[in-house]
Amino acid sequence: MERDLVKIFDTTLRDGEQSPGATMNIEEKILIARQLEKLNVDVIEAGFAASSEGDFESVRRVAALVSHPIVLSLARTKEDDIRKAIKAVEKAKHPGVHIFIATSDIHLKHKLMMSRQEALDAAVWAVAYAKKYLDYIEFSAEDASRTDFQYLVQIFGEAIKAGAVTLNAPDTVGYAVPQQYGALFKRLRETVPGGDTVSWSAHCHNDLGLAVANSLAAIENGARQVECTINGIGERAGNTSMEEVVMAIKTRGDVFANVQTNVAAEQIFPSSQLLAQVTGLGVPQNKPIVGANAFAHEAGIHQDGVLKHKLTYEIMLPRDVGIDSNRLVLGKHSGRHAFIDRLQHLGIDYTGVDMNTAFERFKALADKKKNVYDEDLIAIVTEESVKGTDKYELLYLNVTSSSMAIPHATVKMRVDGQEFLDNASGDGMVDACYKVIYKITGIEPKLERYSVKSITGGTDAQGEVTCLISDNGMLVNGQGSHTDIIMASALALVNALNKLAQRERYGHQAGLHREGL
Ligand code: KIV
Ligand code: ZN
């Protein structure tokens with residue numbers, strides 16, 4: 001029997017980026033978009049073009065880059081939003097616009113201060129307006145799961161007449177439960193005039209931990225698109241996790257007997273790792289499919305069973321999702337050929353990376369630590385591929401400390417091409433080093449979060465530092481990895497400051513996401 005396609009609509013670059021601290025700069029978004037194409041998702045929501053110049057530019061770059069997926073920009077029902085969205089996707093092979101307006105009484109009354117009729121008129125106007133320029137229009141009724149059913153039927157019916165080809169009924173606040181969310185799709189498909197001529201989409205948030213279950217219930221009731229993110233990142237508790245929904249459909253092909261996705265499952269783990277590396281949002285150890293423990297068997301009985309036959313305790317194989325059990329370790333005797341060969345084997349995209357610098361970094365690392373693991377290679381190549389347009393560069397760092405002396409740091413940096421050297425003392429080595437960086441850059445952001453983890457095992461492992469800073473209402477994260485954690489800390493802060501500078505350059509309207517959504 002021919003299975004229906006459930007389209008995977010990836011919103012990592014839009015709803016996912018709305019996770020606190022998941023801000024990505026343009027180069028990082030490009031890196032993720034390339035990976036999404038390899039993953040073979042059907043639709044990429046590349047951003048919200050009207051929210052800032054930076055968002056506009058990143059949607060534009062992603063649209064020009066990818067060839068297979070439909071590329072969308074989100075837009076409110078405002079002329080300026082729609083114009084910017086259309087302009088941003090104009091170079092896409094398959095362009096589209098995703099228009100939304102809130103429809104629940106709670107949102108209409110308290111957020112939009114609009115009547116139902118006004119929201120209906122705005123939606124119809126916006127869809128019809130966008131349709132004059134583009135064929136592919138998705139319409140979303142934000143907070144659909146808490147919207148009066150008859151009104152939802154009316155607004156969806158009118159959106160179809162105005163030209164929408166995909167209708168999305170989001171569970172914006174993660175309030176729905178599977179029976180109810182599934183039933184909503186069944187009723188909508190049966191009731192909305194023209195409902196059989198469009199594609200129905202599920203968009204779930206994970207506030208009650210039900211986003212994946214709700215999305216699967218929607219599929220069982222006729223939804224043929226799922227909106228999701230890599231690692232399930234997104235507003236508050238996150239969005240539907242792409243890898244979980246895809247692997248549930250694939251692994252339980254007996255239950256989801258009439259559907260399939262186009263996703264290249266072996267790209268799931270590399271995508272998860274790349275996103276974690278780029279955003280600094282680590283994957284929880286017990287996260288299904290992609291967490292470090294997802295395929296680890298601890299209990300003796302389980303280990304015994306798996307050794308006798310994998311199927312005793314494993315419902316999927318690690319290699320199905322791209323986890324390479326053949327962990328080849330490189331070291332200081334590995335040459336350039338082995339280095340590049342391993343990157344290719346891992347499917348790491350090094351387009352645009354200066355391979356001389358990357359190889360030098362690999363050699364320098366191999367000199368410091370005996371074994372260089374795949375995770376180390378991913379960190380090097382990701383960092384190298386997103387640098388280039390940076391305002392700040394760390395050139396030199398010297399920190400002295402002892403149990404008797406106050407920690408003191410000297411830092412040399414390049415700022416817009418000019419070199420600066422300064423020093424400061426602090427409460428600890430990281431504090432001293434951050435104080436100098438603040439002095440040199442003239443920015444003193446609030447350090448909201450700081451964490452260190454080791455990329456691999458062993459005392460010679462690279463430390464990966466993630467910091468989250470806020471300045472002027474903007475929240476950005478930074479990552480740095482190095483065998484010396486003070487150096488990794490400094491690199492993380494410089495990375496965050498570069499993102500801040502990029503956002504300021506593009507005049508990001510802080511908080512617009514939160515006001516508008
Ligand atoms: O959660 C939501 O309702 C959204 C819409 C903009 C689709 O993200
Ligand atoms: Zn959402």
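# Salt bridges, a ligand shell and a surface patch

User: How many salt bridges does the structure hold?

Analyst: The structure holds 35 salt bridges. Please note that this is a predicted model.

User: Which residue pairs with arginine 61?

Analyst: Arginine 61 forms a salt bridge with glutamate 27, with a distance of 3.6 Å from N to O. The two partners belong to distant parts of the chain: arginine 61 sits in helix H2 (residues 53-65) and glutamate 27 in helix H1 (residues 26-39), 34 residues apart.

User: Is arginine 61 buried, exposed or partly exposed?

Analyst: Arginine 61 has a relative accessible area of 30%, so this residue counts as partly exposed.

User: And arginine 116, what does that one pair with?

Analyst: The partner of arginine 116 is aspartate 148, and their closest N and O atoms are 3.5 Å apart in this salt bridge. Because arginine 116 lies in helix H5 (residues 116-131) and aspartate 148 in the loop between S6 and helix H6 (149-162), the pair ties together parts that are 32 residues apart in sequence.

User: What are the accessibilities of those two?

Analyst: Arginine 116 is partly exposed, with a relative accessible area of 32%. Aspartate 148 is also partly exposed, at 34% relative accessibility.

User: Let us move to lysine 435. Which residue does its side chain meet in a salt bridge?

Analyst: The side chain of lysine 435 meets that of aspartate 431, at 3.0 Å from N to O.

User: Why are they separated by about one helical turn?

Analyst: They are separated by about one helical turn because lysine 435 and aspartate 431 are 4 residues apart in helix H15 (residues 429-441). Lysine 435 is partly exposed at 36% relative accessibility, and aspartate 431 is partly exposed at 28%.

User: Which residues are joined into one network by salt bridges that share partners?

Analyst: Glu393, Lys412, Arg414 and Glu419 are joined in that way.

User: New topic, the ligand. Which residues are around ligand 1?

Analyst: The residues around ligand 1 are Arg14, Asp15, His98, Phe100, Ser140, Glu142, Asn168, Pro170, Thr172, His203 and His205. By class, this shell divides into 2 nonpolar, 6 polar and 3 charged residues.

User: How far are the polar side-chain atoms of histidine 203 and histidine 205 from an oxygen atom of ligand 1?

Analyst: For histidine 203, a polar side-chain atom lies 3.1 Å from an oxygen atom of ligand 1. For histidine 205, the corresponding value is 3.0 Å.

User: How much of the accessible area of ligand 1 does the protein cover?

Analyst: On its own, ligand 1 has 260 Å² of accessible area, and the protein covers 97% of this.

User: Back to the protein. Where is threonine 103, and is it buried or exposed?

Analyst: Threonine 103 lies in the loop between S5 and helix H4 (105-112). At 1% relative accessibility, threonine 103 is buried. Its side chain is joined to that of threonine 147 by a polar contact of 2.8 Å.

User: Which residues form the nonpolar patch on the surface?

Analyst: The patch is formed by Leu447, Tyr450, Val452 and Ile485, which together have about 300 Å² of accessible area. Strand S14 (residues 446-454) gives the most to this patch, with 3 residues.

User: What is the relative accessible area of leucine 447?

Analyst: Leucine 447, which is found in strand S14, has a relative accessible area of 36% and is therefore partly exposed.

User: One last thing, the backbone. What is the phi of arginine 236?

Analyst: Arginine 236 has a positive phi of about 50 degrees, although this residue is not a glycine. Arginine 236 is found in the loop between strand S9 (225-228) and helix H9 (242-251), and at 45% relative accessibility the residue is partly exposed.

User: And isoleucine 289, is that buried or exposed?

Analyst: Isoleucine 289 is buried, with a relative accessible area of 8%. Isoleucine 289 is not a glycine, yet its phi is positive, at about 70 degrees. Its place is the loop between helix H10 (268-279) and helix H11 (300-308).

Conventions
Residues are numbered from 1 along each chain as its sequence is written. Chains are lettered from A and ligands numbered from 1 in the order in which they are written. This is a predicted model: local features need pLDDT of at least 70, side-chain atom pairs count only at pLDDT 80 or more; totals for chains, interfaces and linings use all residues. Side-chain values use heavy atoms; hydrogens and water are left out. A residue is near a molecule or strand if one of its heavy atoms lies within 4 Å of it. A polar contact is a pair of N or O atoms within 3.5 Å; within protein, one must be able to donate a hydrogen and the other to accept it, and residues adjacent in sequence count only if both atoms are side-chain atoms. Accessible areas come from the Shrake-Rupley method with a 1.4 Å probe; for residues, only the protein chains shown count as cover. Ala, Val, Leu, Ile, Met, Phe, Trp, Tyr, Cys and Pro count as nonpolar, Asp, Glu, Lys and Arg as charged, and the others, Gly among them, as polar. Patches are made of residues with over 30% relative accessible area and no salt bridge: like charges are joined within 9 Å, nonpolar side chains (Val, Leu, Ile, Met, Phe, Trp, Tyr) within 5 Å. A salt bridge is a side-chain nitrogen of Lys or Arg within 4 Å of a carboxyl oxygen of Asp or Glu. Helices (H or I, at least four residues) and strands (E, at least two) are DSSP runs, numbered from the N terminus. Buried means under 20% relative accessible area, exposed over 50%, partly exposed in between (1.4 Å probe, protein chains only).
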